[in-house]
Amino acid sequence: MNSKMNLLLKLEQAGQFLLSILLFSQLNFAWWVFPLCILFPDVSMIGYLFGNKTGAYIYNFFHHKLLAVIIFALGLWLDNSILSLAGIMLFGHSAMDRFFGYGFKFNDGFKHTHLGGIGSKNE
C-alpha cells in the first residue's frame, strides 16, 4: 500500500480511537473499565475453532463499525449505559485494530485481510 495512503488511513483510525475515548469519558464508568474492555471483541476469534469461513464471519461481524454505532445509538436511545459502553468498545477496538493493520478477514485464513496480509512485508 502507498505509504501516504497508509499514513492517511492510520490517522483516520487513530482519530476514531480517540473519539471512542472521548465518548467513553462521557459515561459514568471508572477509567479502568476502558482498558479492561477494549480487547473483549477479540473473543470473536473463537469462531476460528469452527473453520476459516465461520471464523471470518463471526470476527468480521464483531469488528464492523456499523454494528458498534447501532449498539451505541441503541444505548443512547434506551438510556442504557451498558449498551453504550458496548458500542464504544466495539468501535474503539475496531479502530485500534485497523490502526495496527488488522482488517476484515477473508474466508481463506486469519492472516488474509482487506488491509493486506498480517505480518507481510508489503502492507
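Me: Let's start with one residue. In which helix is Asn60 found?
Reply: Asn60 sits in helix α3, which covers residues 52–62. Keep in mind that this is a predicted model.

Me: Is Asn60 buried or exposed?
Reply: The general idea is a cut-off: buried means under 20% relative accessible area. Asn60 has 18% relative accessibility, so Asn60 counts as buried.

Me: Which residues is Asn60 in contact with, leaving aside its neighbours within four places in sequence?
Reply: Those contacts are Phe104 and Lys105.

Me: Now for helix packing. At what angle do α1 and α5 pack?
Reply: Helix α1 (residues 3–25) and helix α5 (residues 81–99) pack at about 155 degrees, and their axes are 8 Å apart. Angles over 145 degrees count as roughly antiparallel, and α1 and α5 are therefore roughly antiparallel to each other. Their crossing is left-handed. By class, this contact has 12 nonpolar, five polar and two charged residues.

Me: How is a pair of aromatic rings described?
Reply: By the distance of the centres and the angle of the planes. This structure holds five aromatic pairs. In one of them, the rings of Phe61 and Phe62 have centres 5.1 Å apart and planes at 90 degrees, so the pair is edge-to-face. Phe99 and Phe100 also form an edge-to-face pair, with centres 5.1 Å apart and planes at 85 degrees.

Me: Which residues form an aromatic cluster?
Reply: Phe17, Phe24, Phe29 and Phe34 form one. Among these, Phe17 and Phe24 also belong to the α1 residues that meet α5.

Conventions:
Residues numbered from 1 in each chain as written. Predicted model: local features only at pLDDT ≥ 70, side-chain atom pairs only at ≥ 80, totals over all residues. Heavy atoms only, no water. Helix = DSSP H or I, 4+ residues; strand = E, 2+ residues; numbered from the N terminus. Buried < 20%, exposed > 50% of the residue type's maximum accessible area, 1.4 Å probe, protein only. Contact = heavy atoms within 4.5 Å. Axes fitted to C-alpha atoms, helices over the stretch in contact; angles between N-to-C directions. Parallel < 35°, antiparallel > 145°, perpendicular 65-115°, else oblique. Left-handed = near helix turned anticlockwise from the far one by under 90°. Nonpolar A, V, L, I, M, F, W, Y, C, P; charged D, E, K, R; others polar. Phe/Tyr/Trp six-rings, centres within 6.5 Å; stacked < 30°, edge-to-face > 60°.
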